[in-house]
Amino acid sequence: KALYSATCVPCHGGKAEGKKEFMAPALHRQEAWYIVSQLQKFRSGQRGTNAKDTGGAMMRPMAQSLPDDQAVLDVAAYVTSLDAPLPPVEVKGDLAAGKAQYAMICAACHGEKAEGKPELKTPALVGQNDWYMVAQLKKFKAGHRGYDPADVTGLQMKGMAATLATDQAIQNVVAYITTLGK
């Protein structure tokens, strides 16, 4: 709690609900293994080193400020103990088109209900801020995330995001994902 309060609260919020003004995602509905994985990617430079990823660049020094691997584990454990409501829906899209895209592109890795699959190292999407998912899909498409050869899952996601041909397609699939947590 002390590490999270000192390092993470300003951007991610007291209940790890995320803050749009910092483009900081909700963390409270993720599993600890995923939070650890992402913190390790920031610490190693697999994330947050692309010049066009300003959010990642802000996150990298925060992850690096955690003193050791045990601190990373402790923060992840604390974050997953928090409870906050589902975020408000902000992204609008064609739900039928989004459902079809999700079934074709996303469900195999993220699960039918967007719950994530630890065995594939894919995070839960349900409960995430929709504006954050849109931003991340655009970063993957543009090569601002998933660019490091050591980031295997990021590279896979970069390829999948590329199949969403337009911004509207991204909005459609994200709008559909928001319906799965209700």
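Trainee: Are tyrosine 4 and tyrosine 78 buried or exposed?
Mentor: Both tyrosine 4 and tyrosine 78 are buried (buried is under 20% relative accessible area, exposed over 50%, partly exposed in between, with a 1.4 Å probe and protein chains only). Keep in mind that this is a predicted model, where local features need pLDDT of at least 70 and side-chain atom pairs pLDDT 80 or more, while totals for chains, interfaces and linings use all residues. Residues are numbered from 1 along each chain as its sequence is written, and side-chain values use heavy atoms, without hydrogens or water.

Trainee: How many aromatic pairs turn up in the whole structure?
Mentor: Four. Rings of Phe, Tyr and Trp (its six-membered ring) pair if their centres lie within 6.5 Å, and planes under 30 degrees apart are stacked, over 60 edge-to-face and the rest tilted. One of the pairs is tyrosine 4 with tyrosine 78, which is tilted, with 5.6 Å centre to centre and 50° between the planes.

Trainee: Which parts does that pair tie together?
Mentor: Tyrosine 4 belongs to helix 1 (residues 2-7) and tyrosine 78 to helix 5 (residues 69-81), so parts 74 residues apart in sequence are tied together. Helices (H or I, at least four residues) are DSSP runs, numbered from the N terminus.

Trainee: And why does the pair of tryptophan 131 and tyrosine 132 count as edge-to-face?
Mentor: Their planes are at 90°, with ring centres 6.2 Å apart, so that pair is edge-to-face. Tryptophan 131 is buried at 9% relative accessibility, and tyrosine 132 is buried at 11%.

Trainee: Switching topic: which residues have the most contacts inside the largest nonpolar core?
Mentor: Tyr102, Leu137, Leu164, Val173 and Val174, in a core of 20 residues. Such a core is a set of buried Ala, Val, Leu, Ile, Met, Phe, Trp, Tyr and Cys residues joined through side-chain atoms within 4.5 Å. Helix 6 (95-110), helix 7 (130-142) and helix 9 (167-179) each supply at least two of its residues. Helix 9 gives the largest share, six residues.

Trainee: What is leucine 164 in contact with?
Mentor: Setting aside neighbours within four places in sequence, leucine 164 contacts Gln101, Ile105, Leu137, Lys141, Ala169, Ile170 and Val173 (contact means heavy atoms within 4.5 Å). There is also a second, separate core of 18 residues, with Val36, Leu66, Val72 and Val75 among them.

Trainee: I also marked alanine 63. Where is alanine 63 placed?
Mentor: In helix 4 (residues 54-64). Alanine 63 counts as buried, at 0% relative accessibility. Not counting residues up to four places away in sequence, alanine 63 touches Leu39, Phe42 and Arg43. Its C-alpha atom is separated by 9.4 Å from that of serine 44, 19 residues apart along the chain.

Trainee: Last one, backbone angles. What is the phi of methionine 23?
Mentor: Near 55°, a positive value in a residue other than glycine. Most residues other than glycine have a negative phi. Methionine 23 sits in the loop between helix 2 (9-12) and helix 3 (32-44), and is partly exposed at 38% relative accessibility.

Trainee: And what about the phi of alanine 114?
Mentor: Alanine 114 is not a glycine, yet its phi is positive, about 60°. You'll find alanine 114 in the loop between helix 6 and helix 7. At 0% relative accessibility, alanine 114 is buried, whereas methionine 23 is partly exposed.
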